[in-house]
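Please look through the structure shown below, and then follow the paragraphs after it, which go from single residues to the whole chain and back again.

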Amino acid sequence: MTRTRRTIGVALLACLGWLGTAPAHAGSSTQVGNAGTITLNWEATQDKAGRPLIVGHVITYGAKSGYCIPRLLVETLDAQGQVVAQNMGFIPGYVGTFDNVYFEEPIRAPGAEYRVTIASWDKCAGGQ
């Protein structure tokens, strides 16, 4: 095997290993709301300046009305899983009955792990 092939092989193996790893802090949860379900998929990452950030999607399935201004509860957990800080954020605007909406929320208190849930929302219909 030539040196070039070996280098490409090692680089390819490293890339495949990187693609197969999951983010260190990620989560998913589903809850009932407005006669349908709300699924929250998220991960902890960093913004371009290196500040900690939660990014994700709110996915809704079958509801009688939409969700106005869903409020996100971001809990910072210690290594034992105990809540050490809480922050309330929100997803601005309207989330429809069958929708997939992207969100970002800054992490105010970095920690070992995080828990992100939809704490509440205003019930609304017709996109208003």
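**A walk through the strands**

Ile 69 lies in strand E4, where helices (H or I, at least four residues) and strands (E, at least two) are DSSP runs, numbered from the N terminus. This is a predicted model, in which local features need pLDDT of at least 70 and side-chain atom pairs count only at pLDDT 80 or more, while totals for chains, interfaces and linings use all residues. Residues are numbered from 1 along each chain as its sequence is written, and side-chain values use heavy atoms, with hydrogens and water left out. Ile 69 has a positive phi of about 50° although it is not a glycine. Most residues other than glycine have a negative phi. With a relative accessible area of 37%, Ile 69 is partly exposed, a class that sits between buried, under 20% relative accessible area, and exposed, over 50% (1.4 Å probe, protein chains only).

For the chain as a whole, the secondary structure comes to one helix and eight strands, and from the N terminus on the elements run α-β-β-β-β-β-β-β-β. The protein has 128 residues, of which buried residues make up 32%. Where a contact means heavy atoms within 4.5 Å, 63% of the contacts between residues at least 6 apart in sequence join residues at least 24 apart.

An open sheet of four strands has the order E1-E2-E3-E7, with antiparallel pairing; two strands pair here if DSSP finds at least two bridges between them. Strand E1 (26-33) and E7 are the edge strands, each of which pairs on one side only. Neighbouring strands of this sheet are turned by 20° against each other on average, direction ignored, the axes being lines fitted to C-alpha atoms, for helices over the stretch in contact, and angles running from 0 to 180 degrees between N-to-C directions. Strands of a sheet pair through backbone hydrogen bonds, either parallel or antiparallel. In the case of E3 and E7, the pairing is antiparallel and extends over seven bridges, and Gly 56 has Phe 103 in E7 as its bridge partner.

Of its 18 residues, Leu 40, Trp 42, Ile 54, Val 58 and Phe 103 touch the most other members. Two or more residues each are given to this core by strand E2 (36-46), strand E3 (52-61), E4, strand E7 (100-106) and E8, and the largest share, four residues, comes from E2. The aromatic rings come next: which two residues form the edge-to-face pair? One aromatic pair is counted under the rule that rings of Phe, Tyr and Trp (its six-membered ring) pair if their centres lie within 6.5 Å, with planes under 30 degrees apart counted as stacked, over 60 as edge-to-face and the rest as tilted. The partners are Tyr 67 and Trp 121, at 5.2 Å centre to centre and with 80° between the planes. Because Tyr 67 lies in strand E4 (residues 66-77) and Trp 121 in strand E8 (residues 113-124), the pair ties together parts that are 54 residues apart in sequence. Tyr 67 counts as buried at 2% relative accessibility, whereas Trp 121, at 22%, counts as partly exposed.

Tyr 67 is also one of the residues in contact with Thr 60, whose other contacts, leaving aside neighbours within four places in sequence, include Thr 37, Ile 38, Val 95 and Phe 98. Thr 60 lies in strand E3 and counts as buried at 2% relative accessibility. A polar atom of its side chain lies 2.6 Å from the backbone oxygen of Gly 96, and a polar atom of the Thr 60 side chain lies 3.3 Å from the backbone oxygen of Thr 97.

Back in strand E4, Glu 75 counts as buried at 9% relative accessibility. Its side chain makes a polar contact of 3.1 Å with the side chain of Gln 86, a polar contact being a pair of N or O atoms within 3.5 Å, where within protein one must be able to donate a hydrogen and the other to accept it, and residues adjacent in sequence count only if both atoms are side-chain atoms. Another polar contact, of 2.6 Å, joins the side chains of Glu 75 and Arg 115.

Finally, Pro 106 is found in strand E7 and is partly exposed, with a relative accessible area of 33%. Its C-alpha atom is separated by 9.6 Å from that of Thr 45, 61 residues apart along the chain. Leaving aside neighbours within four places in sequence, Pro 106 is in contact with Pro 52, Leu 53 and Asn 87.

Conventions: Core = buried A, V, L, I, M, F, W, Y, C linked by side-chain atoms within 4.5 Å.
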